[in-house]
Amino acid sequence: MPWKTLRRTRFALPAVALAFVATACGSGGAASSGGGETITLGLPVQATTLASVYLANDENLWKQHGLTVKAVTFKGDAELAKAVLSGDVDVAVGSLTGPLTAEEAGQDVKVIYGGFDMTAFAWYAVPEIHTVAQGKGKNWGVTTIGSSTDLLTRFAAAKAGLDPNKDIKVVQGGASAARFAAMKAGQLQANIFTEPQTVYAQKAGYNKILDLKDLVDSYPMHVTWSKPGFVDDNPDRAKKFVDTLSQAMQMTKDQPDAAAKSIAKALKISVDDAKASMAEWIDQLYPDGRMPSAKAMDDFWQMGLQGKVFAKRLPDSQWLDSRFLPKTS
């Protein structure tokens, strides 16, 4: 998608958000929950990297901290961002591109927790394509335009000497499973995946043309973010939420078998596939909620700027609320 079109899409967010607000307030949704202990949690797609959220649901960890949490899964970061901005969702656990594009569009949102600093993505292509450069002129699948998968795919293309706005066609295809099906149907020639779709792609004879680990050492796969009122209006509730998420992250690391079962249940995959996925990122799951290192964040912004997903780098103070983060972050 051309950069001008992408900018028009992003800056339409405030108007869309206003429409969502009217709907939410009229229907008694999350926007009317005020400072209570009930939280609507938004997730961008189903993903094995969200194991800690699934485990918290299955083990009822939210209730142990005095919370009632309803998790809702969307069809990508763009749809999730609209729900946060409207007030239909209190807090999101999704890619960092979600809150940053909202900020760029003039919305006031804040990232309050990290910890999912994973390089769990890889790109696969049809058998006749062996390198990123050979994907010129082809259809490349991402979850949604403006998402983390979009940012990474555009950066990978640029890194290979391609113009991501002219030399490839970025196609919005939803979660990995849907894009894998589209690839098998011949609608996509290249795709960015996480496990278990990486395993399925390899078994189907597709070529692994790039691994995110080849580009960066750490990456903000998911962050917890919301409008400022989620924390400011009731900091105790927000603290309970991040404490529960931290506990679930630690339990994921300490009890991987239980976490794998939660993944398998949520995604309807085998426990063995869930375990294989966890092996790819478990060492990059940090229960203290840290954000990636300064170098990793420099790399992230370079990706977004070079791929023209962001117009400029925003100062941390504009999008990051560090009160729940380690002091060393």
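Helices and strands are DSSP runs, helices of at least four residues and strands of at least two, numbered from the N terminus. The model shown in these views is predicted.

**View 1. The largest pocket and its centre.** The largest pocket holds about 350 Å³ of space. Its lining is made up of 28 residues, and V45, Q46, A47, S176 and T194 are the closest to the pocket centre. By residue class, the lining of the largest pocket comprises twelve nonpolar, 13 polar and three charged residues.

**View 2. Secondary-structure elements in the pocket lining.** At least two lining residues of the largest pocket come from each of α7 (148–159), α8 (176–184) and β8 (190–193). Helix α8 gives the largest share of this lining, with three residues.

**View 3. The F180–F193 ring pair.** Nine aromatic pairs are found in a search of the whole structure. In one of them, the ring centres of F180 and F193 are 6.0 Å apart and the planes stand at 70°, over the 60 degrees cut-off, so the pair counts as edge-to-face. Because F180 belongs to helix α8 and F193 to strand β8, the pair ties together parts 13 residues apart in sequence. F180 and F193 are both buried.

**View 4. The F300–W301 ring pair.** The rings of F300 and W301 have a centre distance of 5.9 Å and planes at 80°, so this pair is also edge-to-face. Both F300 and W301 are buried.

**View 5. An aromatic cluster.** F180, F193, Y200 and Y206 are linked into a cluster by ring pairs.

Methods: Residues are numbered from 1 along each chain as its sequence is written. This is a predicted model: local features need pLDDT of at least 70, side-chain atom pairs count only at pLDDT 80 or more; totals for chains, interfaces and linings use all residues. Side-chain values use heavy atoms; hydrogens and water are left out. On a 1 Å grid over the protein atoms alone, a cavity is a set of points where a 1.4 Å probe fits but cannot get out, and a pocket is an open set with protein on both sides within 12 Å along at least five of seven lines; lining residues have an atom within 4 Å of a point. Grid points are joined across faces, edges and corners, and a volume is the space filled by probe spheres set on the points. Ala, Val, Leu, Ile, Met, Phe, Trp, Tyr, Cys and Pro count as nonpolar, Asp, Glu, Lys and Arg as charged, and the others, Gly among them, as polar. Rings of Phe, Tyr and Trp (its six-membered ring) pair if their centres lie within 6.5 Å; planes under 30 degrees apart count as stacked, over 60 as edge-to-face and the rest as tilted. Buried means under 20% relative accessible area, exposed over 50%, partly exposed in between (1.4 Å probe, protein chains only).
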